[in-house]
Amino acid sequence: MIVGDILKESIWGYAVITLGILAIGVIWFFANTTRTDQHNYNLLKETTEAAMYDALDLAYYRETGGIRIVEEKFVENFVRRFAENADLSNEYLIEIYDINEEPPKVSLKVSSAKETNTTGEIVKFNITNNIDAILETKY
């Protein structure tokens, strides 16, 4: 009788430890996904802004006083800056939907594939971030 009670208590101890390890795994998985999404969003926002400033057409500004960006220069700067700061463990798909040179406006979408095998089978899902950016000035 005493041995049976001890076994019941030890099984409960194993169950609590197993559930604790499982809970830590689930928390780690969601924290990693949230970190990836936040990293992608901040990278997209900062890279878009910097690439728009780099792509300003200064000759056009000197002649007319208007603000315009050069499409090819924007794409080149955006891809270069994004690649320099991207997480190497992810695959990225960059889609540029719209670039207006005057007034300066861009529409982008960046998707990254994330996969996990916590359940024994590989689960793959996409994290997608969109941005529509307009370059504004004081004047």
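Is Tyr92 buried, exposed or partly exposed, and what is its relative accessibility? I began my notebook with that one, keeping in mind that this is a predicted model. I looked it up and found 23% relative accessibility, so Tyr92 counts as partly exposed. The cut-off matters here, because buried means under 20% relative accessible area.

**Entry: the partner of Tyr92**

Next I asked which ring pairs with Tyr92. First I ran the search over the whole structure, and it returned 3 aromatic pairs. One of them is stacked: Phe74 with Phe78, at 5.9 Å centre to centre and with 25° between the planes.

**Entry: the stacked pair**

Back to Phe74 and Phe78. I traced both to helix α3 (residues 71–85), where they sit 4 residues apart, about one turn of the helix. Both Phe74 and Phe78 are buried. Putting the pairs together, I was pleased to see Phe74, Phe78, Phe82 and Tyr92 form one aromatic cluster.

What does Thr48 touch, leaving out residues up to four places away in sequence? My list reads Phe74, Phe78, Val106, Leu108, Ile131 and Ala133. So two members of the aromatic cluster, Phe74 and Phe78, are among the contacts of this threonine. Thr48 itself lies in helix α1 (residues 2–54). I read off 1% relative accessibility for Thr48, which means that this residue counts as buried.

I then moved to Glu49, also placed in helix α1. Here the reading was 39% relative accessibility, so Glu49 counts as partly exposed.

**Entry: a charge over a ring**

Which residue lies over the face of Tyr60? I found Arg68 there, at 4.3 Å from the ring centre.

Key. Residues are numbered from 1 along each chain as its sequence is written. This is a predicted model: local features need pLDDT of at least 70, side-chain atom pairs count only at pLDDT 80 or more; totals for chains, interfaces and linings use all residues. Side-chain values use heavy atoms; hydrogens and water are left out. Helices (H or I, at least four residues) and strands (E, at least two) are DSSP runs, numbered from the N terminus. Buried means under 20% relative accessible area, exposed over 50%, partly exposed in between (1.4 Å probe, protein chains only). Contact means heavy atoms within 4.5 Å. Rings of Phe, Tyr and Trp (its six-membered ring) pair if their centres lie within 6.5 Å; planes under 30 degrees apart count as stacked, over 60 as edge-to-face and the rest as tilted. A charge sits over a ring if NZ of Lys or CZ of Arg is within 6 Å of the ring centre and within 35 degrees of the ring normal.
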